[in-house]
Amino acid sequence: MSEELVNSGDPAYEAKVLMISVAARMAGMHPQTLRQYDRLGLVQAGRASGGGRRYSVRDVVLLREVQRLSQDDGINLAGVKRIIGLERLLEEAQQRVARLEAELDAAYRRIAELESLGGFPRGDLVPTNRTSTALVVWRPRRTER
């Protein structure tokens, strides 16, 4: 199983099923090196019922990246850990942006749907002017008693 053969959207990509010896071999490193990376928090093993470490294909891909950064680019492990952390933050931010863009698209579709009905039937969404796509929420003033 290689990163080219397993899609990151596939649930098997995240499954912690690989024994340390298999994961280390797939990543091209000694099992003791993998244990050290685990202790440093570069990867996080799952645990089998007997207590043995288990890794996923995602972990193997990450271990290959750790090896590349440390060996090919000469970055120390503290730097590698920081880079990986920042890459995780970036990935989470990109996923959030994608979700927000989808929500925004849905809102624009809803606005277009309301406009096609001849206005805003609820009466609380009011265009600011005819040339703008901006909307304001209209709330009537409360009368003082």
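1. Where do Arg-110 and Glu-113 lie, and how many residues apart are they? Both belong to helix H5, three residues apart, which is about one turn of the helix. In this predicted model, the two side chains form a salt bridge whose closest N and O atoms are 2.5 Å apart; Arg-110 is partly exposed at 39% relative accessible area, and Glu-113 is likewise partly exposed at 42%.

2. A search of the whole structure gives six salt bridges. One of them joins Asp-38 to Arg-53, with the closest N and O atoms 3.1 Å apart, and this pair links distant parts of the chain, since Asp-38 sits in helix H3 (residues 31-40) and Arg-53 in strand S3, 15 residues apart. Asp-38 counts as buried at 15% relative accessibility, whereas Arg-53, at 22%, counts as partly exposed.

3. Arg-58 and Glu-91 also meet in a salt bridge, at 3.5 Å from N to O, and this pair connects helix H4 with helix H5 (residues 77-116) across 33 residues. A network of salt bridges links Glu-65, Arg-68 and Asp-73.

4. Strands S1, S3 and S2 form an open antiparallel sheet in the order S1-S3-S2. Strands S1 (18-19) and S2 (46-47) stand at the edges with a single partner strand each, so one side of each is left without a neighbour in the sheet. Two bridges join S1 to S3 (residues 53-55), and Leu-18 has Tyr-55 as its bridge partner in S3.

5. Ser-56, in the loop between S3 and helix H4 (57-72), is buried, with a relative accessible area of 1%. The side chain of Ser-56 reaches the backbone nitrogen of Arg-58 at 3.3 Å, and the residues that Ser-56 touches include Tyr-13, Lys-16 and Leu-18.

Note on methods. Residues are numbered from 1 along each chain as its sequence is written. This is a predicted model: local features need pLDDT of at least 70, side-chain atom pairs count only at pLDDT 80 or more; totals for chains, interfaces and linings use all residues. Side-chain values use heavy atoms; hydrogens and water are left out. Two strands pair if DSSP finds at least two bridges between them. Helices (H or I, at least four residues) and strands (E, at least two) are DSSP runs, numbered from the N terminus. Buried means under 20% relative accessible area, exposed over 50%, partly exposed in between (1.4 Å probe, protein chains only). A polar contact is a pair of N or O atoms within 3.5 Å; within protein, one must be able to donate a hydrogen and the other to accept it, and residues adjacent in sequence count only if both atoms are side-chain atoms. Contact means heavy atoms within 4.5 Å. A salt bridge is a side-chain nitrogen of Lys or Arg within 4 Å of a carboxyl oxygen of Asp or Glu. Lists of a residue's contacts leave out its neighbours within four places in sequence.
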